[in-house]
Amino acid sequence: MYHGRMRLNTLEAWRGPLLGLIYFVVWLCLWPTQAAFWSLAAGWRLGMLLLCPMRCWPWLIAAEWGGSAVADVWLGHAQSLFYLIGDMPDVLVAAACVAVARRLGVRPDLHSPDGAVRVLALSLLTAVATVAADAGLLAIVHMGGHLGAMLPILGSDLLGEYLGMLLLAPVVILLARTRPQGRALHDLLMDGVLFLLPSLTVLAALILDGPPLSSFAPTLSLAPVLFFAFRHGWRGAASSMLIVSASMTALAIATNHYTAPAQTHLFIAVAGTATLMLGSAIDALRRSSERLAVQNERLEGANHRLDHLARRLSDAARRNLRTEEEQRRFMAAELHDELGQNLTAIQTRVKLAQTRLDKAGLTDIGASINEIITHMRVAVHRMLDTLRPTVLDEFGLARALEDGPIRNLLDTAGINYTFSLSGDPRELDEDTRIALYRVAQEAATNTVRHAHASHMSLRMRVGRRNGRRQVLMDIRDDGIGLPDQRPLRRGGRGVQSMHDRITTLGGIFRIRPCERGTRLRILLRTPLDERSTAASPSRNLSNTVA
């Protein structure tokens, strides 16, 4: 651990000199490219100031001053104090601009349109400040000089400074922070070979051909830059823009056929700014699309898990209903076999003992016992119908709803009952038939106990729609209606039980007041099976749950 910290401290101590050496070497390499409307060294300066920590800036400033001194010695300007002093303010002004921008939150980040706008604005402000400092220095050195003569020089310097920052600073940020790798690098190189090289060949042919075809070269140079911006975002725009502009500038210097470099570089500056912002916007859009795709994938997985959980809950609820029905069937069988047989045995014994009861003058006791047994039989029969009506197992759902215990219950209470059916209920599975019967049974019980109604109607339609079997049940009475406005609690536990049965099977349950009385509407959908599809004609339901 101790040696590791020493090694890190040593590397940190040599970081500034190493960056200064790299800065010095690259500055000397870029110095020969200085030309009118073209200053790549300014882009190198801005990029390094943005990327390097401020504690390393003295090394960068010293490296630039050293590089400028070497260039002045090479050109023979070392004896001129103007050349030696004139190169000093530029890097200081640029460092001051970058320091203020860092305080304001500007970072070397071109992945978003906001970041690209900040970096471009910093480039323009730095170019203006640098040229303004040079203008002030010129005014001091050439006292009494004509300002109008210096304006063209200052304008060309301003365009060259901004164009150099626009062309090289994004590439420096690209190489230091977001180098393309893997598939992205392969695609970038392939597009360079297949599209950029032919485009540069066409531009070179136009420039070498001379006027009037050479005048179209600046406009056509925008095509490969736009292509790379759309394909590779701001990284493609920055790299292609540097290559295209460098090629055109080299041709402009090498031949006299290509004229008007100021207009050409101004067009490159404007178009390059727009394409760089376009590339950043495309990158942001792609990242948004990728994040959206990831979120959609996560949501799809969550929905899949929820669907799986819902199926498990539905299967568990179905098993609970089946268990309940099995218990009801078992209890009904036990009551019928045990209690029914015992009642029959008691009634038989009473009949055998009736003669002796008559002789003893206890005829009324025998009659009372027979009457009690008869009432017990009726009660047991009613209980059996409640637990598991035999008519549902023996004659099916339609007969159970039309002439079974439901009609007997309503007739006993003096309530008129009407039933209508469309379709074949035999197509329905057992769970659906039992659920529909229990809902109708509970609705009839509520009508008798609470509604004070004189009429109850039940309509049922069975058919098919969209490849699924559907059954719609509509139950109405003309009673006093519902006491409050809470749909699922109006009838207490009975209504909640009906709702639970229907929703367990994936159906829709609605209970609403009507002009007079109460209305229940139930919709159940079940998948078709091949046997029922082949055996029954197709029907469609025209009604839906309100």
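The side chain of Arg464 makes a polar contact with the side chain of Glu427, at 3.5 Å. This comes from a predicted model. Arg464 sits in strand β2, which covers residues 455-465. Arg525 is 61 residues away from Arg464 in sequence. In space, the two C-alpha atoms are 8.9 Å apart.

Asp474 lies in strand β3 (residues 468-477), and Arg521 lies in strand β5 (residues 518-527). Their side chains meet in a salt bridge, with 2.7 Å from N to O. The pair therefore ties together parts that are 47 residues apart in sequence. Both Asp474 and Arg521 are buried. They do not stand alone. Asp474, Arg476, Arg519 and Arg521 are linked in a network of salt bridges.

Now step back to the whole chain. The protein has 19 helices and five strands. It has 546 residues, and 41% of them count as buried. Take the contacts between residues at least 6 apart in sequence: 74% of these join residues at least 24 apart.

Next, the nonpolar interior. In soluble globular proteins, nonpolar side chains tend to be buried together. Here the largest nonpolar core has 62 residues. Trp44, Trp57, Leu60 and Leu122 have the most contacts inside this core. Helix α7 (residues 147-177) gives the core its largest share, 12 residues. A second, separate core has 34 residues. Leu401, Leu436, Val462 and Val495 are among its members.

Trp57 is then in contact with Leu49, Cys52, Ala95, Val98, Ala99 and Arg102.

Helix α7 also takes part in a charged pair. Arg45 forms a salt bridge with Glu161, and the closest N and O atoms are 3.7 Å apart. Arg45 lies in helix α2 (residues 40-51) and Glu161 in helix α7, so the pair ties together parts that are 116 residues apart in sequence.

Another of them joins the side chains of Arg183 and Asp187, at 3.4 Å from N to O. This pair is local. Arg183 and Asp187 are four residues apart in helix α8 (residues 183-209), so about one helical turn separates them. Arg183 is exposed, with a relative accessible area of 61%.

Ser239 leads on to another helix. Ser239 is placed in helix α10, residues 222-254. Its side chain reaches the backbone oxygen of Arg235 at 2.9 Å. Ser239 is buried, with a relative accessible area of 17%, and the cut-off for buried is under 20%. Leaving aside neighbours within four places in sequence, Ser239 is in contact with Val171 and Leu188.

Move on to a pair of helices. Two packed helices are described by the angle between their axes and the distance between the axes. The axes of helix α16 (residues 405-412) and helix α17 (residues 430-451) come within 10 Å. They cross at roughly 5°. That makes α16 roughly parallel to α17, because angles under 35 degrees count as such. On the α16 side, the contact is made by Pro405, Ile406, Leu409 and Leu410. On the α17 side, it is made by Tyr437, Ala440, Gln441, Ala444, Thr445 and Val448.

The loop between α17 and β2 holds His452. What is the phi of His452, and is the residue buried or exposed? Most residues other than glycine have a negative phi. His452 has a positive phi of about 55°, although it is not a glycine. At 65% relative accessibility, His452 counts as exposed.

Methods:
Residues numbered from 1 in each chain as written. Predicted model: local features only at pLDDT ≥ 70, side-chain atom pairs only at ≥ 80, totals over all residues. Heavy atoms only, no water. Core = buried A, V, L, I, M, F, W, Y, C linked by side-chain atoms within 4.5 Å. Buried < 20%, exposed > 50% of the residue type's maximum accessible area, 1.4 Å probe, protein only. Helix = DSSP H or I, 4+ residues; strand = E, 2+ residues; numbered from the N terminus. Contact = heavy atoms within 4.5 Å. Salt bridge = Lys/Arg side-chain N within 4 Å of Asp/Glu carboxyl O. Polar contact = N/O pair within 3.5 Å; in protein donor to acceptor, adjacent residues only side chain to side chain. Axes fitted to C-alpha atoms, helices over the stretch in contact; angles between N-to-C directions. Parallel < 35°, antiparallel > 145°, perpendicular 65-115°, else oblique.
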